[in-house]
Amino acid sequence: MPQISFEVIAQCSATRARAGLLHTPHGTIETPAFMPVGTQATVKGLTQRDLADDLGVRILLANTYHLFLRPGHVQIRRLGGLHRFMSWPHAILTDSGGYQVFSLSGLRKITDEGVVFQSHLDGDLHRFTPESTVDVQLAFGSDILMVLDECPEYPVSHEYARESMQRTVRWAHQASEHHRRRIAETPTRHALFPIVQGSMFPDLRRSCAQALVELDADGYAIGGLSVGEPRPLSLEVVEATEDILPRDRPRYAMGVGMPAELPEYVARGVDMMDCVLPSRNARNGCLFTSRGRVIIKNARYKDDAGPLDEHCRCYTCITYSRAYLRHLFLAGEISYAVLATRHNLQRYLDIMREIRQAILSDSYPAYLRTVRLASDDAE
RNA sequence: UCCUCAGUAGCUCAAUGGUAGAGCAUUCGGCUGUUAACCGAAGGGUUGUAGGUUCGAGUCCUACCUGAGGAG
């Protein structure tokens, strides 16, 4: 019995875009899906009610490294698992800490056995192995677990990228075996996704994907994107493995992207994405609208009594003016972060719904043309 | 009326007699599996006024102006 199941219900005739249903122990997710990032068991600025009821979010991301350090997986398990702990009834995907190999590069050491992190909170050393990260995520009760991987910086040499990719593949095999043993001990329904790496080298990407397909995983992730490489490269890297990753399994492009890029990833066969941009940029004053980005702190919005996005139905847009949002931002008011995050996530989720609708109505190529033109205009 | 202290960027303040700076504010960027309500850049000065000493004065001297405190 598969840990989670995925059904493709519509396929674009011209591109690799497809619409599907991802069934998890905590509900079904319509794909393509965008997963808001809730690193520390919260999407900064929003409540679970905002996410589930207002925005219609059905799957969230959380982070193994951060929750392991605080409050700790044992504590979370004691409190009934991550879903109960954070009062989130829908699905949760936990990242393994592989991204922290990249983002905390000054605080970790990679060996063949795993990664030793020096806590950014108190300096304590913590060893993460492929097996231990599976166990931590099982303690969380995540619906989708991610294999520990190494997310290399950009650029790296082909030699280092190969060595790093092979290590990630070995870790994926170890994690997978460990996961199977755990399920045999205690039958539970979870999925474990391995992660394709190989920096920006198509040959490494392809051999990585081929090696991971042997695992017969319930889904596959594409990692190592948006680490500083030129924009078009990220899309090429995703294309490189599209024909290798099984089409009857969900594909997850990790850590992407800008609003205009979402349809591009979907066109290349991606079913799931996550990104901190809508939430982080919201707090930092960058708001995404149907007509491009609005940097709300700019003086041009000082007297702008109009809504942030006239086409948006979110609470922020139907209630407040740009001038008021700018005031809240400049005043450093907490409510600004709430309203801005609320809107940006609405925008991302609306884009995903448009994408899905276009695929279902067999009009994805036309949709792509339209959004590409619109995004050229916005720039 | 006298005494003391203080006047430097929009604000709060630095600067042994030797190239006037910082924080905040302002303006503008950036942010991609969150070490991020964060990070960066730029603009902004007759150093209260007028004299003097000095090679050189925000700094020392004199007078005046303004403010705070004290004495009467």
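Modeller: Start with one residue pair: Leu61 has Leu93, in S6, as its bridge partner. Keep in mind throughout that this is a predicted model.

That pair belongs to the pairing of S5 with strand S6, residues 91-95. The two strands run in the parallel sense, and five bridges hold the pairing. Now widen the view. The open sheet has four strands, in the order S5-S6-S10-S11, and their pairing is parallel. S5 is one edge strand, and strand S11 (191-193) is the other. Each of these two pairs on one side only. Ignoring direction, neighbouring strands of the sheet are turned against each other by 25° on average. As a general point, side chains in a regular strand alternate between the two faces of the sheet.

Strand S5 (59-63) supplies at least two residues of the surface near RNA strand B. In total, 49 residues lie around RNA strand B. Nearest to the RNA come Ser103, Cys151, Ser226, Gly255 and Ser279. Sorted by class, this surface holds 21 nonpolar, 19 polar and nine charged residues.

Next, a helix pair. Helix H6 spans residues 130-140 and helix H7 spans residues 158-185. They pack at an angle of about 45°, and their axes are 8 Å apart. H6 and H7 are therefore oblique to each other. The crossing of H6 past H7 is right-handed. On the H6 side, the contact uses Pro130, Glu131, Val134 and Leu138. On the H7 side, these meet Trp171, Gln174, Ala175, His178, His179 and Arg182. Five residues of this contact are nonpolar, three are polar and two are charged.

For a contrast with the parallel sheet, turn to strands S16 and S17, which run antiparallel. S16 covers residues 286-289, S17 covers residues 292-295, and four bridges join them. Cys286 has Ile295, in S17, as its bridge partner. A hairpin links S16 to S17 through two residues.

How values were computed:
Residues are numbered from 1 along each chain as its sequence is written. Chains are lettered from A and ligands numbered from 1 in the order in which they are written. This is a predicted model: local features need pLDDT of at least 70, side-chain atom pairs count only at pLDDT 80 or more; totals for chains, interfaces and linings use all residues. Axes are lines fitted to C-alpha atoms, for helices over the stretch in contact, and angles run from 0 to 180 degrees between N-to-C directions. Angles under 35 degrees count as roughly parallel, over 145 as roughly antiparallel, 65 to 115 as roughly perpendicular and the rest as oblique. A crossing is left-handed if the near helix is turned anticlockwise from the far one by less than a right angle, and right-handed if clockwise. Two residues are in contact if their C-beta atoms, placed from the backbone, lie within 7 Å. Ala, Val, Leu, Ile, Met, Phe, Trp, Tyr, Cys and Pro count as nonpolar, Asp, Glu, Lys and Arg as charged, and the others, Gly among them, as polar. A residue is near a molecule or strand if its C-beta atom, placed from the backbone, lies within 6 Å of it. Two strands pair if DSSP finds at least two bridges between them.
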